[in-house]
Amino acid sequence: MSEPDLTCRELVELVTDYLEGALDSTTRRRVDEHLAGCPGCTAYLDEMRVTVEIEIGEIGNRVERSIL
Amino acid sequence: MPTPPETTPAPAPRASAEDMQLVRRLRDGDESAFMELIDHYHQSLVRLARRYVSSQAVAEDVAQEAWVGVFRGIDRFEGRSSLRTWIYRILTNTAKTRAQREARSVPFASLGGDDEEAAVDADRFRPAGDEWAGHWVSFPNQWSDLPEQRLLGDETRRVIDEAIDRLPPNQAAVIRLRDVEGFGSAEVCDLLDISEANQRVLLHRARSKVRAALGRYLEEER
């Protein structure tokens, strides 16, 4: 509860662990809370997802997933 | 917010029905099956071998040797892993043996994995002392707004391929296997003899740099 909020600079270093489902539940909740209030980091996470989807050739699924 | 995947890594898949069908053709000596396999995997095997040996020529040689191993060993393939994973494992074993012979055997995990690099340039964040220290100076752009043709273009793929080629060898190997070839994390750890944590660090650095390269390309023509 008393943990300080994550900064954007800290969050970008957690993005891969977040996408890999490798964060402990506390950190994952802090990331989710930050994302909920930060359009910049939400955009960054989206860029990271798009990068991976282009790499793996799955860009066609992107639109569907981005509206979730 | 979309939910990230489950924490437990998916177990490595076993051989599929198509795998076993291809294996039967290989065992029957069907030449087109051999050609299919080589067409599909040879370049990837050479690239992966390059992480272990000193030159492109040796990497080519290692891949050739691995193919011999694949065709000799196909009768012993039991389908406990996918055919692809089995082939890649033969390649990494062959490459490691060759690297030892080359007397430049360096444990994979120690190669350039210790560089401290930020995922995003520090000047994109507000400096210490600022009321909003550590937050974005200006927000990244939503790539979702870009037309799909632009993201799917050959040029975009080329930008990504070149960015991967510029990565340190261990980062390049991880991102290729995970994101280009589509292996699961457990398989990649197994193939490259690295821990899950080490793999995630390498993947993170690799993806961050590829994203940055893609960003520079997409932003310049916005």
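Colleague: Which residues lie nearest the centre of the second largest pocket?
Modeller: First, a caution: this is a predicted model. Nearest the centre of that pocket are B:D121, B:R211, B:A212, B:A213 and B:R216.

Colleague: What volume does the second largest pocket have?
Modeller: About 370 Å³.

Colleague: And which helix gives the largest share of its lining?
Modeller: Helix 9 of chain B. That helix supplies eight residues of the lining.

Colleague: How do the lining residues divide by class?
Modeller: Ten are nonpolar, three are polar and eight are charged.

Colleague: Switching topic. How many cavities of 30 Å³ or more are there?
Modeller: The count comes to one. The largest cavity has a volume of about 60 Å³.

Colleague: What lines the largest cavity?
Modeller: The lining is B:S44, B:R47, B:L48, B:R51, B:Y88, B:A173, B:R176, B:L177 and B:E181. Helix 2 (31–49) and helix 7 of chain B each give at least two of the lining residues. By class, four are nonpolar, one is polar and four are charged.

Colleague: Now the two chains. How many residues are in contact between chain B and chain A?
Modeller: On the chain B side, 46 residues. They are in contact with 40 residues of chain A.

Colleague: What area is buried between them?
Modeller: About 3,800 Å². Carbon and sulfur atoms give 58% of that area.

Colleague: Why quote an area at all?
Modeller: Interface size is often given as the accessible area lost when the parts come together.

Colleague: How many salt bridges does the rule find across the interface of chain B and chain A?
Modeller: Three. One of them joins B:R178 to A:E20. Their closest N and O atoms are 2.8 Å apart.

Colleague: And how many residue pairs are in polar contact across the interface?
Modeller: The rule finds 13, with both residues at pLDDT 80 or more.

Colleague: Which helices of chain B each supply at least two residues of the side that touches chain A?
Modeller: Helix 5 (148–152), helix 6 (154–165), helix 7 (169–180) and helix 9 (196–220). The largest share comes from helix 9 of chain B, with nine residues.

Colleague: What classes of residue are on that side of chain B?
Modeller: There are 24 nonpolar, 13 polar and nine charged residues on the side that touches chain A.

Colleague: How many salt bridges are there over all chains?
Modeller: The search of the whole structure finds 17. Take B:R98 and B:D61: their side chains meet in a salt bridge, at 3.0 Å from N to O.

Colleague: What does the pair of B:R98 and B:D61 tie together?
Modeller: B:R98 is in helix 4 (residues 83–101) of chain B, and B:D61 is in helix 3 (residues 56–73) of chain B, so the pair ties together parts that are 37 residues apart in sequence.

Colleague: Last one. Where is B:D193 found?
Modeller: In the loop between helix 8 (185–192) and helix 9 of chain B. Phi of B:D193 is near 55°. That is a positive value in a residue other than glycine.

Key
Residues are numbered from 1 along each chain as its sequence is written. Chains are lettered from A and ligands numbered from 1 in the order in which they are written. This is a predicted model: local features need pLDDT of at least 70, side-chain atom pairs count only at pLDDT 80 or more; totals for chains, interfaces and linings use all residues. Side-chain values use heavy atoms; hydrogens and water are left out. Contact means heavy atoms within 4.5 Å. Buried area is the accessible area (1.4 Å probe) that two parts lose on being put together, summed over both. A salt bridge is a side-chain nitrogen of Lys or Arg within 4 Å of a carboxyl oxygen of Asp or Glu. A polar contact is a pair of N or O atoms within 3.5 Å; within protein, one must be able to donate a hydrogen and the other to accept it, and residues adjacent in sequence count only if both atoms are side-chain atoms. Helices (H or I, at least four residues) and strands (E, at least two) are DSSP runs, numbered from the N terminus. Ala, Val, Leu, Ile, Met, Phe, Trp, Tyr, Cys and Pro count as nonpolar, Asp, Glu, Lys and Arg as charged, and the others, Gly among them, as polar. On a 1 Å grid over the protein atoms alone, a cavity is a set of points where a 1.4 Å probe fits but cannot get out, and a pocket is an open set with protein on both sides within 12 Å along at least five of seven lines; lining residues have an atom within 4 Å of a point. Grid points are joined across faces, edges and corners, and a volume is the space filled by probe spheres set on the points.
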